[in-house]
Amino acid sequence: MKEQIIKFNKHIAAMAVVMLFAVGFLSSSMAMAAVHSFNFTAKTLPNGQLGYATGGSDAEAVIPGPALFVKQGDTIQVTLTNSTAVDVGFNVPGLVNSNSAKATPGQTQNYTLHANKTGTYVYHGDNNGKELLGLFGAIIVDKKNGPIDSFVNGDGSIVPVTQADIDKQFVLFMVGSTFWGTEISADGVQKPLWAAPNLGAVENDLVRFHVLAIGPGHTFHLHAHRWLKTDTATVIDTKLLNDGTDTHSFTIKAGSGVGPGDWQFHCHLIAHMEAGMHGSFRVDAAGSGDGASVVGASPYGNILLGARPSEPGVVTLEVSDEPASWFRSPRGDAIVGLPFDIKSKSLEVMYPGSSVNFVMSDTNGVHTISSLLWPTGAHHMPFDQSAAYRGGGIVKLTTPGLYVFTCKVHPYMFGAVIVDDPETEGLDLGNPAMDYKIDLVTGITGLPTSSDLAVRLLRTFFVATSPSNWQDYSTGIWNLKFPTLPVRISGAPFGNIQDGGLALALSALNVVDAPLAVGAAPEKPGVGEVWVNTQFEKTAGKYKPGTTTVVDTTNWTVKRKVALPEINNNNPHNMWTNRDQSVIYQTQWFDTKLSMINRETGALIKNITVGNTPSHVVTLPSNDDLTIAINGENGVAIIPAGTTSVSKMLPTQAHGHTSANPHGHWVSADGTKIVTPNINTNDIGIYGATGGIHARTPTGNNAPGAHPIAIGMMPDSSKIYAANLLHHSLSVVDGANGALLKTINLIADYNPIDGSFADNDGNGAIAVGVLPIQSPVSPDGKAVVIAATGGQIVIVDTKTDKIVKMLPCDPGCHGANFGAKEGGGYYAYVTTKFGNRLTVVDIDPDNNGDISDAHIAGYVSLVDTPSTAKDDTVSSLPGFGGQGVLAVPNVYNGWVQNLPDVWKSGLTAAQRNPVGH
Amino acid sequence: MSFQINQSSCDMPLSQSAIETTKIPYRSFCARAAAGFVLAMSISFIGADKSYAAEHVIEMTAKDISDDGFGNKLLAYQMLSHKIDGLDVTDRYSNAPTIPGPIIELTEGDKVKLTLLNAIDPAYPVAGASKQVSVHVHGVHYKILSDGTLRVINRKLDEGAGEGPEDTFASYEYEWDVAPGTAGTWPYHDHNYENHNGSEHKGLFGAIIVNPAATPRPQNSYKFSKEYVLYLGDDAFWGVEIDSTTKKQTKHGVNPTLNAPKNTDVRFHLIALGTDLHNFTLNNYKWFDPGTHNLINQVAIGPLEKHVFVIRSKNSTQYVDNNFSNKLLGMKGRFIVD
């Protein structure tokens, strides 16, 4: 494979093979204040990361950027030429800088800094998160005369050191959850150690560390060594590097008092440790080793189109709030433009022994970086963390095959890496040594990559990560295109396998110019409005995605778009409303905020910090307090009615236990219980509305990774329904005591190997719900409607807890919620992420209580029209990203009774009191 | 109100002796009687006003503890035996597994032999490849075989008790050299359970307090009525109170209510663990930032950092983590002065 594509990038091929360079003037101590001039060039590296180079135009950019060593009082002049495609600056927090402007692509800017204070400073590119891709480096300002540091000797004495005493220095940048290193020899030569290096020294070497951080914070710990808290005599061995930019320099005597060994250094945040943020500081005994460091993974190394195949490489995936680009390769634009289009900016290709690096550089939320599937038998799998966090991750992959990563909190965020065996033709999708099979996080092992399930998962990946594959009903046609690269799989699902196991390219599955029509609107009107979180729709006035689309159910038109550009509204995900239906509460799922919106005008009332990554909001029918599931953390936030700040967070687990990370909760009709699907602990939690854990019920039947994601409840709270996303199942739980009553397998009728459908569960209906998400119960308690992201709507009869019907849905089917149908009964409004229409389901068209005749009553385009009121202009992805959906008036039992008369008057007697009928 | 510890400490020059470690009372001479021959040797070598090396022989174990009634368990260390030069001091510890684990008081110059056992129910499911527990200590000196890590990290051995990925031991002995220059409060924690990151965040953590051997001491050396070790976790403080006279360790658990006699000096030992960064306050009190003359009333602290300070107890108040979510979760406790 590699031979065919290696000839791509001419400017990379021209680069030098080995790069050692010296910068800095280790100026003599008697010199007067010096002026140091540096020519910097900001460049794009082969893997798409950015970096600074010094020297001529051919100089190689390095990460971290060149370290600048100066003396107090010196002047630093930097001439920055920007060879990247983004604006790049040179910002140094803590030092006075003559120029805050950024160089636009192709242009040059000059910066003059006065190093008037000793210390270690971060310089960075100041470009809105892109600096975390490599535009960072260190400036070390030392005292002009005398010792520059002290170390703690093995006998406890504190010994001052001069520059001349120091044997070697390391610059270690903590970025995301990855160490990026540079080694500086005693004579000032700088050698890039790249990502996740292992450091080395000889016992009793004096080694100075410059640990710097940019982005979310860390603590740095080095085993068995201790050093001084800056400018004190206090001995420490762990140091906080706070959020933003922070630095800490210290000197140690290698192995002093402890001897030689492979001493680990690492970030001491648990989630970052789990994400791979560690390395070894190898101290060789004198005479038995040279104390050489081991270079880590290089952006120039052994990846698709890499410059130096002999070196371990690194591909990077930026974690982003941007639709479809949630795990975006920084060279994604270049990759999808290649002749052999791999279609997705979220797919990288590299070779065994290289690493994949993740950095949460374009998101306001917390995430995990978690394996979804990997080649059977692969090392270091599954990759996962025990809690959601800010940072990143790095993992070395040695086994060929396909690795798909997701965020457990936002489980449609997908990023994939193919580790390709360079000796074989075609991209390896599974482990060649294991017949190209894959393992899934849900406990499925040895799944052939030729199976229908594997192909469906691939298809889901290429739909979710490629907006051009989404179903845009406003265009009238649909094209679904897959990569044109040949692949190696276990068998022949979509074409001939040639000798040696080469399959047809995935593009054999392409759909070309299929007609696409919205379909007719429902004949019978609904009551009131339907608010849809069109979470991916982009508007001109903000850079974060998402709007809310308001549908008028009396005429099925888009009445309003609420973008909230004034707060850069970020991925609005779910909603609820207050008793009089005047305020819409809306969570920003990739952020920390809950917005209060005037329902009649669409105007923002208040934007409130509620915690990391809030998902759903529901009021307590008893008192109108807000309950907000803090999906990125470990509780449910409470905002008392009439107030605009969180008063408390109810914990979803006992102290010290794994965070539950609740997602789509529900509240009992009497307002006494909060029920959460706990995605991180795979259980349903029942909590008192004023606190207290009543019950926690595992939903996975002892298999891992069930991922319960949303709750529905019977109107009398007698039963709880929870959709398990990754187990494709629906748990039925006793609402009183949490006892598990039943687990309904939603894929019983599906053969995952050959893709055939049959009534395997004998319930009289052939019905499948792949990757179920929302599962509300109708206000009258008749039906559970399940939106399954695989593209199905499944209806369960609550009398029998059996599936009675499957209806079609668009790709990425996600949200479901009920509203009143005019004249009696209910519509279920179903949203989809990768289509831009609303599906309206009538669960009981003839209103006879038998829901087996449930059908799709009609569809509504979510694309705005000239008559749509709006606070911003839709710029792309019109009407896409349908997730949370809320009908106004809220007609669920418990809430409907609280409606003002003006809303009640539009409802039938049965709708006004759904339990009494 | 603000509180300043005595002025002499403010005047102390910045030197090897950090403020956090300079105000330790001499260890009781009586308690040392059992080790008289060592004492005699020590005196002959280093003089009567200096501390002397003691040998600590410690045996600890790790257990799973059931505490939430929903099938979720935490893990905890338990002290089985602690002898100082043969003198048994085990009764200062809880006789049950606790979170935090035992707080081990040492003095610069001491040697420690710590034997770790593993009493975690073998049937307890392990998420990773390792059923081995370890003790990885911060601050003091030890050779690579006492690092308390897995072989994948240290390239030598799976250094713990129980079944590791590559090596299995019924018990594991760690040797610590509480060398000069290691005075201070340091965490210890597991590094081996489940995987090479260990399970410190599931309860396997404790602390050592290393008193300085440095001389000369201030004439009126500091005496604390109480010491508190407070671990800042991701949703709560895990604390323990130590009576300085009896050395008894009590009140283990979440957000403990701490007690102090009025107008006495008490010492707080903060250590963080988990994933969150914290901002600690003890409302209405100020203290010296260790190693400086700066009075502060809050401190940012991240996982496995330590922060030790002394105050004089004047008024009851609360200690609080001001991290946004932790504060809302009620991560605070009472400090009662009476």
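How many salt bridges does the count between chain A and chain B give? The count is one salt bridge, a salt bridge being a side-chain nitrogen of Lys or Arg within 4 Å of a carboxyl oxygen of Asp or Glu. Before I describe that pair, let me state the conventions.

This is a predicted model, in which local features need pLDDT of at least 70, side-chain atom pairs count only at pLDDT 80 or more, and totals for chains, interfaces and linings use all residues. Residues are numbered from 1 along each chain as its sequence is written, chains are lettered from A and ligands numbered from 1 in the order in which they are written, and side-chain values use heavy atoms, with hydrogens and water left out.

I begin with the interface. The salt bridge there is formed by the side chains of B:D289 and A:K229, at 2.8 Å from N to O. With this rule, the count over all chains comes to 41 salt bridges. B:D289 sits in the loop between β18 (287-288) and β19 (295-296) of chain B, and A:K229 in the loop between β18 (227-228) and β19 of chain A, so this pair joins two chains. Helices (H or I, at least four residues) and strands (E, at least two) are DSSP runs, numbered from the N terminus. Both B:D289 and A:K229 are buried, where buried means under 20% relative accessible area, exposed over 50%, and partly exposed in between, with a 1.4 Å probe and protein chains only.

Turning to the interface as a whole, 64 residues from chain A and 59 residues from chain B take part in the contact, contact meaning heavy atoms within 4.5 Å. About 4,700 Å² is buried between chain A and chain B, and carbon and sulfur atoms give 57% of this area. Buried area is the accessible area (1.4 Å probe) that two parts lose on being put together, summed over both. Of the area that chain A buries against chain B, A:I270, A:H655 and A:H657 supply 13%, more than any other three residues.

Between the two chains there are also 28 residue pairs in polar contact, both residues being at pLDDT 80 or more. A polar contact is a pair of N or O atoms within 3.5 Å; within protein, one must be able to donate a hydrogen and the other to accept it, and residues adjacent in sequence count only if both atoms are side-chain atoms. On the side of chain A that touches chain B, the elements giving two or more residues include β17 (218-222), α3 (270-274), β50 (648-651) and β54 (693-698). The element that gives the most to that side is β22(A), with five residues.

I now move to one residue of chain B. B:T182 lies in the loop between β9 (171-177) and β10 (184-189) of chain B. Is B:T182 buried or exposed? With a relative accessible area of 0%, B:T182 is buried. A polar atom of its side chain is 2.6 Å from the backbone oxygen of B:A179. Apart from neighbours within four places in sequence, B:T182 is in contact with A:R226, B:E108, B:G139, B:V140, B:H141 and B:V210.

As for chain B overall, the chain has five helices and 23 strands. Of its 338 residues, 59% are buried. Within chain B, a salt bridge connects the side chains of B:R267 and B:E227 at 2.7 Å, N to O. B:R267 belongs to strand β16 (residues 265-272) and B:E227 to strand β12 (residues 224-232), so the pair ties together parts that are 40 residues apart in sequence. B:R267 and B:E227 are both buried.

A:K719 counts as buried because its relative accessibility is 14%, and A:D801 is buried at 8%.

Finally, A:I679 is located in the loop between β52 (673-678) and β53 (683-688) of chain A. Its relative accessibility is 4%, so A:I679 counts as buried. Beyond residues up to four places away in sequence, A:I679 touches several residues, among them A:K408, A:N631, A:H663 and A:P708. The C-alpha atoms of A:I679 and A:P779, 100 residues apart along the chain, are separated by 25 Å.
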